[in-house]
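Here is a briefing on two interfaces. Look over the sequence and the 3D structure, then read on.

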Amino acid sequence: MTATDPTTAAAATASTAVLAARIGSFSFHGERTPALRDIDLSVRPGVLTAVLGGSGSGKTTLGKLLAGWHRPGQSGTFTGSLTLAGQPLEFRGLEDDPRINPSAWSTRVGYVPQDAAAMLSTVRSTVAEELAFGLENRGTPRRDMLRAVARAAEQTGLTALLDRDPATLSGGELRRLAMACAVVQDPWVLVLDEPLASLDAAGIIQVRDLINRLTGAGTGVVLLSQSADGLARSAGHWIILDGGTATASGIPRELIRSAELARTGTLLPAVTHAVPAVRGRAPEPEAAPVLELFGLGFGYPGTGDADGEPLLRDLELTVRPGEIVAITGPNGAGKSTLLRHLNGLLRPHTGEVRIQGRSIAGIPTGRIAASVGLLFQHPRDQLFERTVLREASFGLRRLHGRDAAARADEALEAVGLAGAARTHPAELPASQQRLLALATVLARGPAVLALDEPTVGLDRHGLDRLDRAVAAAAARGAAVVLVTHDAAYARATAHRVLALDGGSLREG
Amino acid sequence: MRMPYTLHPLTSLTAAGCTAVLTTAAGAWPLSLAVALAAVLLAVRAGAGQQVLVAASAVLLPLGLSLLMLHGLFFPEGRTVLAAWGPARVTAEGLAFAWESATRTGACVLVLLLFAFTVSTPDLVAALAGRGLPPQFGFVLASALTLLPAMAGRLERIRAAQEARGLVLRGGVLSRLAAVRLQMVPLVLGLIEDSGSRAEALDARGFGAPGPRTSYRQVADPPAQRRLRTTLLLITAAAVALRLVASWPAAGPA
Amino acid sequence: MSQQSLILPATGTGTGPGADCAAGTAKGRRNRRLLELAGAAAIAGTYVFLVLTQPADIANGPASFSALVALGGFLLGAVLLIAAALPVLPTSTLVLMPVALVLNVVLGQLMGSTGLPFYFDAIGTVLIAVLAGPAAGAATGALSSIVWSFFNPTVLPFAAGAALIGFLAGLAARGGLFRRFYLAPVAGFVTGILAGAVSAPIAAFVFGGTAGLGTGAVVSAFRAMGDTLLAAITKQALISDPMDKAIVFAIAALLVYALPRRTTFQFPFVRRHRVLAGKVPATPEA
């Protein structure tokens, strides 16, 4: 059942590596093209290995395969070998292949998903019990369990939060809890999927500290990332993943300027926004405004800040055709709330919203949608059709009659999804789902384009498409309002950057 | 939410279950009414009065009206006719039957809701697992109870996102059916996809592994409450046996 | 540190690559089969007993005896079925059970908002049965009734009926009835007949009537013609339930068709029994 004569090369790496993978191919059930092929990877104790690649390059699939989340045979067909601590397992994609025991495997190789909430059991009411969940399932005696929970909490800085309900944690705290759930088993190898995504500066420092401590203690860490950021640059070894296969591997210094890395769409934070995006001419100031907000006031019932002031107050904004306005501000300042007023999903308590000179009061959101396109933070909620093409065509016939099909094709072309017209939207990688949602908005040719955090999760190719789509919309005379936490992106893209602060907008 | 005095979750479960069975076995409306009132009082004292009453009325009002219409107007077995319009006859026996049925069900519903809204789910799950019930049962129970309240928010997000894409909700069964279909697909898809990665996470955290388990959470179970549970179970068993024996001859083949 | 093996023991023949639930000895399998049979026997026996011993005259008030027998017998059956299925279900199926319950409640309410006079309270159960098979369907049906009773205790006694619906939906899926859209409602219709008949004694003896005004009106009509309470409720169930289940099966089929293939093919049951049409793993359509 175990090794059938591993190659000498694999045996050599296995002698120093705690985990070695030789992936011939891995395909999900029912799919013809393999999700992964021809990847060799070995993880040495105490070394940070970074797997870099753009969106949809197969990073997550690789991480889950290494950690026993995707199990050969159960999740898909795998040919190749996995060698953990010198014990090789050969897979030939047949029924009598060894079957990985996920419970035992994961005590050696831990995986922390990008969506930290997916790690949690959802059935434990405190952080401490959530941490103990894996230990309980393995029958760890209670005294050892208490000690292990305390140690993992101390390592991840969760000690003060042990009695909190996991559902009330912030994004950064949740990420550390998910990491603690893996660390509590004291694994030899830890696979981290985009561990810094959507964390604030403080959260990033804490997670990087933790990773340093883990490698210092001899844990092999595998970083999956679509950004060659500081953490990735501190890695001892890089593997570049493109289209499910490893196109290059070596030390960061040699690969950072390689053509292989450039092709993948991996973000290089230092250079991404150095060149300003293609930005059209500034709009003509005398043109009639497309979007006007007058004295807007709004607060959620039962909330309001310390002084009982509403979230938005006396907010004024005028956007002319072809103008791109970026709105920045801290979390909770009301940026998304403001955007939802533009198409009537929220109605102001005071003041008025005018689109193309007409007030939208009393008009249902579904009708305002003809002139205002809103892209949400979570694209999945916005998609509901069976194929990408049907998704883009939804509701177009009523607006554009015979032009509907051409407009849908055009919008898909604009975001680079023309080749995926018959794919199921849910089978697209997250960043392409976001681009598809953008296409559904573009296809309607709205006069106002409102984008909520459009850059999150996009790789460089995705950002290029987004930039071009925004510029094209502005060029045909649409007003673009985008909300972002990324100040550099805001400056590079917009004609005007406004800060939402204290309930109203001011020049940023 | 919690009771002023701490009951072990199995004690409150046993108490609620036994009370419901005893009320059913007794089949006497004064007892049913007393049990129902007691349940409401306890719920109010525990601070869950409103929740229990809202949930109970959602169930009991349609049931009560249905029983009143059914037995109040049409009860062929009835002999004491109080009023008659064509085929409909109001009979004393029919009204009594509706009253008996409604009070019995009402008592059981209120007692069980009192339990459901005052018990601490984590304690209950820990207690059940400690009694050798498969941990899977506790998982399904706790997971469903955490998922359900989150659904309203999720549906609202989907609806908002779809309206922003030009979905107009109109009257008419057909167009509403179409709208419901569009909402269902992302909801079902999202839930099933989430559960796929949740299964992988649970397996990685040893949930699928066989063998003994331990518990981090400890629930105090004083001996007095154990004795109380045993007593309650014995009384209930005796009452059920008595009822079965007493009614057996009367329940011969029709 | 535990010393578990990194790989699971090899299973015997007849288990597909995804069958991680097949762990267990032949003895364990026999015990589970016995539990399943005992559960089914408890449900069937209770039904026959209730029909044979139904009180000839209900003028003296609701029959406590029949209520106790109905409650005890059906709940015992449901618990035995859960006990047989639950410990061996793979985690991937288990995590679907809370989802099924939530869908039963939420989709039931959504469909209720369309104003159609049906219950629609089994969509989630049927969906899971189609994806994961009869055993999972039966356990899901019974278990979701138990959890639902935390909000509405009156669904608890119907656990056996819900298990039957899940089981039959799983059988229909295994038999290929979900490969063609028009066959699903037919399977639902047949399921409705059986489930309605099994649930009628609960309504008659435990609750003394039906929970809704619409169904109550139908029962009233039969009572006006002189039927016994059980007969009237059974006839009402035979009118509403097949229709209801036909629609529920159709909705479940539409939802399954709308899922991406990567999602449905996660389920070994879907792959092994070719539950969905034209989607064979070896030769996927273009």
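How many residue pairs are in polar contact across the interface of chain B and chain C? The rule finds 6, with both residues at pLDDT 80 or more. A polar contact is a pair of N or O atoms within 3.5 Å; within protein, one must be able to donate a hydrogen and the other to accept it, and residues adjacent in sequence count only if both atoms are side-chain atoms.

This is a predicted model: local features need pLDDT of at least 70, side-chain atom pairs count only at pLDDT 80 or more, and totals for chains, interfaces and linings use all residues. Residues are numbered from 1 along each chain as its sequence is written, chains are lettered from A and ligands numbered from 1 in the order written, and side-chain values use heavy atoms, without hydrogens and water.

**Chain B and chain C**
- Contact (heavy atoms within 4.5 Å) joins 77 residues of chain B to 76 residues of chain C.
- The buried area is about 6,500 Å², and carbon and sulfur atoms give 80% of it. Buried area is the accessible area (1.4 Å probe) that two parts lose on being put together, summed over both.
- Salt bridges (a side-chain nitrogen of Lys or Arg within 4 Å of a carboxyl oxygen of Asp or Glu) number 0 here.

**Two domains of chain A**
- An automatic or database assignment sets the domain bounds: domain 1 is 44-68 + 101-264, and domain 2 is 291-507.
- Their centres, taken over C-alpha atoms, lie 33 Å apart.
- Each domain gives 7 residues to the contact.
- About 490 Å² is buried between the two domains, 37% of it from carbon and sulfur atoms.
- Ser55(A), Gln226(A) and Ala262(A) supply 66% of the area that domain 1 buries against domain 2.
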